[in-house]
Amino acid sequence: MMKLNGIAASSGVAIAKAYCLVAPDLTVVKQQITDVDAEQAKLDAALAVTTEELKAIQQMTEENLGAEEAAIFGAHLLVVNDPELIAPMKQKIADEKVNAAFALQEVSSMFVTMFESMDNDYMNERAADIKDVSKRILAHILGVKIPNPSAINERVIVVANDLTPSDTAQLNRDFVLGFTTDIGGRTSHSAIMARSLEIPAVVGTKEATQTIEDGMMVIVDGLSGDVLVNPDDETIAHYEQKAKAFSAQQKEWAKLVNEPSVSADGHHVELAANIGTPEDLESVVRNGGEGVGLYRTEFLYMGRDALPTEDEQFTAYRAVLEGMSGKPVVVRTLDIGGDKKLPYLPLAEELNPFLGHRAIRLCLERTDIFRTQLRALLRASTYGNLKIMFPMIATLQEFREAKALLEEEKANLLAEGVQVAEQIEVGIMVEIPSTAVMADTFAKEVDFFSIGTNDLIQYTMAADRMNEQVSYLYQPYNPAILRLIKMVIDAAHKEGKWAGMCGEMAGDEFAVPLLLGLGLDEFSMSATSILKTRALLQSLNKVELEELAVRALDEATADDVLAIVQQYVAK
Amino acid sequence: MKSQQFKVVDAQGIHARPASQLVSNSTAFASTIALVTDNKEANVKSILSVMSLALRQGDDFTLRVEGADEEQAFTAISTILVEMGIAQ
């Protein structure tokens, strides 16, 4: 048995076999061979296995997604068995006495080049299909495995270096019980995704992919951050017990689903959820969310090969608004750039992407993309309680420009005879220190603030949140952060506006008491944290915490702040 | 040998789906089946070959079948071309 330790990113305990999602090494080396028959047989065997594999994928895709989506694998199957592909490969092996892998690479790249050079976009794209198929065959010749997460058909724990948005989009929620990654922290994409899927995850284990092999038994303890590899029966029994205890605790929390979110002394706050897609709504409702505090619209733009149309976006926004039945839904406009890229929207390579051309900065330049989203939002506005939020606002000028575009599109729609809700609150994410400092000025023009702590902390501490070597600077309890948060909340209240928070901090058990004391109105978090936070809230006294918050602002270090909160909670 | 002239009518040309149909329905025949244009010739039993013609709407080509079962093969392939709205 081996034990790894990482960051507990999503709570719960999962026990299952490992599925390693690791990109294999497909490097081809040209070799001279002597036994032509053996080499050709090797090729035939690889083609046969590839055929079986594609048939299975085709069938599974057809069952899960329909015949339309599965059609492409029919074409791939024809390529694998294509006489014009196979004959030249065999010829090459016989004539040049080269290895099968090399022959495949030569012949397939000839076809790839041919298709890429055609004066026809459709055919150019087919080059990608040929590459894809060749990769599959090559993997079988080399005896390595190409992972195909969409084909997972048994309960597994996914093991990866990191999980990208497109990886997670392919994961089948019914079979993936948990995951563990080499890199990442509580706020990395993989961690956020695990919480939204409500599956246990441990990230940043550094060596998960080196230690764990396919099919090994793995326990992921998303409560402690431990990952156990090849556990003995006794350990498995222990963790099964722990999993049971956790689900019992969850059942206890579940009783609070329809309870109001009030402190022990009767102060009400809103506990909302962060979501990425309309499918996440089910979890929001099940966990008693009082609203959506952050709808990350970028997922609509990911995992596809063109921008989503106005109608596609409208359908998604409408589904979310209707799904929340009149409860507030804060939609964040496109936040792309930084660590989030789109294959069809080439962005220049930047030295500091987190400080670069992203989010509202990109949208104000690509107004075509931005206007489409604004129109879709405005059209959906009549189906619920929509609030629009602009991300990465650094200056008032940016907010004014974005709002002017919104007003223009609203006027356009009204002129076209399309209905738009009369009252739509328009607010901003506060994640750049300049905006927090200027919050009093912003408060006169925006309808609300939502503090994005993940980025606010990263920018205030000048610490890249993807860089593990500076992860010690990710300090939510640092008095510097608390003071900025206080400025934002006070500024909002002075103008009769509300202030929320949609970063990880909003669901943190030691941050919640401080934030309540500072007067935060809305706490938006992973849906699975809502009930736990509601239970916590019921034990907190706001009047006492106001005093505690004032003391916290005067503490010297993050540790000092944490100490006084823990002391209070223990009491 | 049997042959006949056709013109592509499918707005998308001979793309992956019709090409797949042609290929899947050719492999069972012993005859050589080819699509011939002015400067190229494609083996209908090969999807890569058919696709590499990149035939577009309005392009002319000849279907040429030669071999023991050429009658049946010709009927089968020309029927697919017409009935799937690929060419006429």
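Analyst: We take a pair of helices, then a sheet. This is a predicted model: local features need pLDDT of at least 70, side-chain atom pairs count only at pLDDT 80 or more, and totals for chains, interfaces and linings use all residues. Residues are numbered from 1 along each chain as its sequence is written, while chains are lettered from A and ligands numbered from 1 in the order in which they are written.

User: At what angle do the axes of helix α2 and helix α5 of chain A cross?

Analyst: Helices (H or I, at least four residues) and strands (E, at least two) are DSSP runs, numbered from the N terminus. Axes are lines fitted to C-alpha atoms, for helices over the stretch in contact; angles run from 0 to 180 degrees between N-to-C directions. Here α2 (67-80) and α5 (121-142) of chain A come within 10 Å and cross at roughly 60°.

User: Which residues of α2(A) and α5(A) make the contact?

Analyst: Contact means C-beta atoms, placed from the backbone, within 7 Å. α2(A) gives A:A75, A:H76, A:V79 and A:V80; α5(A) gives A:D129, A:I130, A:V133 and A:I137.

User: What is the strand order of the open sheet in chain B?

Analyst: Strands of a sheet pair through backbone hydrogen bonds, either parallel or antiparallel. Two strands pair if DSSP finds at least two bridges between them. The order in chain B is β1-β4-β2-β3, with antiparallel pairing. β1 (2-7) and β3 (41-43) of chain B each have a single partner strand, so one side of each lacks a neighbour in the sheet.

User: How many bridges join β1(B) to β4(B)?

Analyst: There are 6, and the two strands run antiparallel. B:Q5 stands opposite B:T62 in β4(B).

Key:
Contact = placed C-beta atoms within 7 Å.
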